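Hi,

Here is the structure I promised to pass on. Have a look at it first, and then read on for my notes.

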Amino acid sequence: MANEQAQQLLQQGIAAAKAGQRDEARRLLQEAIRRDATNETAWLWLSGVASNDEERIFCLMKILEINPSNQNALKGLAKLGVKPPSSTGIRRLKDQPPPQGLEATARPPTAPLKRISADAPPSAPAKPPPSDR
């Protein structure tokens with residue numbers, strides 16, 4: 001059922017993106033990813049409607065976490081001037097927080113992000129919440 005809903009949201013998100021409705025496409029694609037975080041196509045389309053390169057890179061790296069040989073993600077990173085990480089580096093990416101604006105896409109909505117220290121500048125990466133696993 002969740003996969004069906006994710007597919008519907010993905011199709012609606014793609015249609016919105018093609019119609020130039022970037023904000024709506026972004027919202028729909030983020031919801032699709034919340035329901036199916038391993039959907040490479042949803043991450044790829046989300047990278048296309050991302051609001052900045054940081055988000056775009058994050059989405060493309062998520063694709064590589066799912067499928068390290070995804071050619072679209074590799075080409076997208078190359079266009080952005082980003083060298084794809086090694087497979088070890090991809091595994092480490094899972095510990096990195098998402099950029100502002102994509103927090104709810106990559107984590108359950110109830111998982112708060114915490115700063116490493118109060119003295120850290122706003123651009124410092126946030127520490128991910130502890131895992132229950």
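Helix α3 covers residues 40–48 and helix α4 residues 53–66, and their axes come within 8 Å and cross at roughly 165 degrees. The axes are lines fitted to C-alpha atoms, for helices over the stretch in contact, with angles from 0 to 180 degrees between N-to-C directions. The two helices, α3 and α4, are therefore roughly antiparallel (angles over 145 degrees; under 35 is roughly parallel, 65 to 115 roughly perpendicular, and the rest oblique).

Before going further, a word on where this comes from. It is a predicted model, in which local features need pLDDT of at least 70 and side-chain atom pairs count only at pLDDT 80 or more, while totals for chains, interfaces and linings use all residues. Residues are numbered from 1 along each chain as its sequence is written, and side-chain values use heavy atoms, with hydrogens and water left out.

Back to that pair. On the α3 side, Glu40, Trp43, Leu44, Leu46 and Ser47 meet Arg56, Phe58, Cys59, Leu60, Lys62, Ile63 and Ile66 of α4, where contact means heavy atoms within 4.5 Å. By class, the contact of α3 with α4 holds 8 nonpolar, 1 polar and 3 charged residues. Here Ala, Val, Leu, Ile, Met, Phe, Trp, Tyr, Cys and Pro count as nonpolar, Asp, Glu, Lys and Arg as charged, and the others, Gly among them, as polar.

Helix α3 also packs with α2 (residues 22–35): the axes come within 9 Å and cross at roughly 155 degrees, which makes α2 roughly antiparallel to α3. This crossing of α2 and α3 is left-handed. Arg22, Arg26, Leu29, Gln30 and Ile33 of α2 make the contact with Ala42, Trp43, Trp45, Leu46 and Gly48 of α3. The contact of α2 with α3 has 6 nonpolar, 2 polar and 2 charged residues.

Another residue of α3 is Thr41. Thr41 and Gln7 are 34 residues apart along the chain, and their C-alpha atoms are separated by 10.0 Å.

Next come α4 and α5, whose axes come within 9 Å and cross at roughly 145 degrees, again in a left-handed crossing. Ile57, Leu60, Met61, Ile63 and Leu64 of α4 are in contact with Ala73, Leu74, Gly76 and Leu77 of α5. The contact of α4 with α5 divides into 8 nonpolar, 1 polar and no charged residues.

In the loop between α5 (71–79) and α6 (87–93) you will find Pro85, which is partly exposed at 26% relative accessibility.

Buried residues make up 35% of the 133 residues.

Best wishes

Note on methods. Buried means under 20% relative accessible area, exposed over 50%, partly exposed in between (1.4 Å probe, protein chains only). Helices (H or I, at least four residues) and strands (E, at least two) are DSSP runs, numbered from the N terminus. A crossing is left-handed if the near helix is turned anticlockwise from the far one by less than a right angle, and right-handed if clockwise.
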